[in-house]
Amino acid sequence: MKTTNAGGTVIDEPKSREAVKPAVHKATAAKRATKPSQIYVDGKFYAEGEAKVSVFDHGLLYGDGIFEGIRFYNGRVFRLEEHLERLWDSARSILLEIPMSQRAMTEALLETIRQNDLREGYIRLIVTRGVGNLGLNPEQCKTPSVIIITAQIALYPETVYRNGLSVVTCATRRTNPSALNPAVKSLNYLNNVMARIEANLAKADEALMLNDEGNVAECTADNVFIVKRGQIFTPPITAGALRGITRSVVFEIAAETGIKVSETDITRHDVFIADECFLTGTAAEIIPVVKADGRPIGTGKPGPITARMVARFREMTRETGTPIYS
Ligand SMILES: Cc1ncc(COP(=O)(O)O)c(C=O)c1O
């Protein structure tokens with residue numbers, strides 16, 4: 001497998017594919033552990049210690065940019081098209097022009113995984129506004145930067161999927177959509193970071209974030225679902241939730257299994273009296289919640305509908321997706 005240093009291999013548009021020596025995926029775990037991760041920055045691969053952005057990039061100075069977190073399982077990228085659609089939607093919303101086509105982005109992303117010889121993992125795809133001056137006017141930034149990082153990930157240990165996690169309602173409200181719409185997956189996550197700090201201080205696994213009306217919006221990096229009398233409920237996007245890709249998979253699984261899902265306003269009280277609760281996110285996948293603000297949810301153990309969702313989701317992640325190595 002080709003190792004590239006700073007300024008090494010170049011890939012951008014699909015035609016440049018020939019410029020890249022295709023990576024193979026037979027490296028041993030030991031070889032992987034010693035080899036620095038290869039990171040894509042604006043068409044080139046850099047060893048992780050060499051991958052850098054300018055201190056004048058507005059992504060750093062102002063959180064002006066967008067991102068996606070994407071998973072790949074069993075040699076396939078899960079829901080890649082949906083993630084790219086959402087990235088392009090975020091870009092349109094903040095008037096940022098992604099400097100490549102969706103097809104070229106797909107190829108850059110797949111090649112980054114190949115360069116890192118991985119079959120299972122997580123991708124962080126970032127588009128920053130690019131280099132400008134210290135003023136915040138984005139017109140100063142002529143060329144957005146594209147960064148692709150791969151990593152191996154296990155957000156929670158398997159025991160948490162079996163036993164469930166705890167959430168605490170935080171005082172930090174989810175950003176009001178009229179200030180900064182949470183539907184834009186922007187690099188400005190300070191709102192979520194503040195909520196995460198509250199969860200840490202309360203020794204809870206996650207923070208339940210409410211909107212200005214006091215209804216549940218989402219958690220710091222996950223959508224929220226509750227189950228009551230065999231039906232599933234989740235807050236609408238207008239409550240201040242990201243249009244989660246995993247959230248949409250839950251809708252699909254529910255349709256497959258004949259379980260009704262309603263998008264409806266949910267209060268803390270609804271969470272307290274739910275039979276089951278679970279969170280969804282690319283990193284966390286589908287994960288049961290068994291305690292909210294000190295109250296056990298349902299039996300205090302993950303419920304049967306959640307278990308069914310987790311099992312079917314795992315099947316889908318192993319069997320579907322964009323092939324990386326074919
Ligand atoms: C704030 C927020 N909500 C929800 C989600 C879940 O979305 P998805 O399932 O697309 O990862 C994420 C993660 O991307 C997130 O950052």
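**Terms and model**

A residue is called buried if 20 or more other C-beta atoms lie within 10 Å of its own, exposed if 12 or fewer do, and partly exposed in between, with C-beta atoms placed from the backbone. This is a predicted model: local features need pLDDT of at least 70, side-chain atom pairs count only at pLDDT 80 or more, and totals for chains, interfaces and linings use all residues. Residues are numbered from 1 along each chain as its sequence is written.

The mean pLDDT (the predictor's confidence in each residue, from 0 to 100) of the chain is 91, and 90% of its residues reach 70 or more. Residues 1-29 have pLDDT below 50; in the model this stretch has 50 contacts beyond near neighbours in sequence. Two residues are in contact if their C-beta atoms, placed from the backbone, lie within 7 Å.

**Overall composition**

The chain has nine helices and 16 strands. Helices (H or I, at least four residues) and strands (E, at least two) are DSSP runs, numbered from the N terminus. Of the 326 residues in the chain, 40% are buried. Among contacts between residues at least 6 apart in sequence, 71% join residues at least 24 apart.

**The seven-stranded sheet**

Seven strands, in the order E2-E1-E6-E5-E3-E4-E16, form an open sheet with antiparallel pairing. Its edge strands are E2 (44-47) and E16 (322-323), each of which pairs on one side only. Two strands pair if DSSP finds at least two bridges between them. Strands E3 (residues 65-73) and E5 (residues 121-128) run antiparallel and are joined by eight bridges. Phe67 has Ile126 in E5 as its bridge partner.

Helix H4 (residues 102-115) lies across E1 (38-41), E2, E3, E5 and E6 (145-151), and runs at about 40 degrees to E6. For such angles, axes are lines fitted to C-alpha atoms, for helices over the stretch in contact, and values run from 0 to 180 degrees between N-to-C directions.

**Strand E10 and its partners**

Five of the six residues of strand E10 (residues 223-228) are buried. E10 pairs with strand E13 (residues 276-281) in the antiparallel sense over five bridges, with Val224 opposite Leu279. E10 also pairs with strand E11 (residues 231-234), again antiparallel, over three bridges; here Val227 stands opposite Ile232. The hairpin of E10 and E11 has two residues between the strands, and Arg229 takes a positive phi near 50 degrees in it.

**The ligand shell**

There are 14 residues around the ligand, of which Leu242, Gly244, Ile245, Thr246 and Thr282 come nearest. A residue is near a molecule or strand if its C-beta atom, placed from the backbone, lies within 6 Å of it. The elements that give two or more residues to this shell are helix H7 (245-257) and E13. H7 has the largest share, three residues.

By class, the shell holds three nonpolar, eight polar and three charged residues. Ala, Val, Leu, Ile, Met, Phe, Trp, Tyr, Cys and Pro count as nonpolar, Asp, Glu, Lys and Arg as charged, and the others, Gly among them, as polar.

**Pro182**

Pro182 is in the loop between strand E7 (165-169) and helix H6 (190-201). Pro182 counts as buried because it has 23 C-beta neighbours inside 10 Å. Not counting residues up to four places away in sequence, Pro182 touches Arg174, Thr175, Pro177, Ala217, Gly240, Ala241 and Leu242. Pro182 and Ala241 are 59 residues apart along the chain, and their C-alpha atoms are separated by 6.0 Å. Leu242, touched by Pro182, is also among the residues that come nearest to the ligand.
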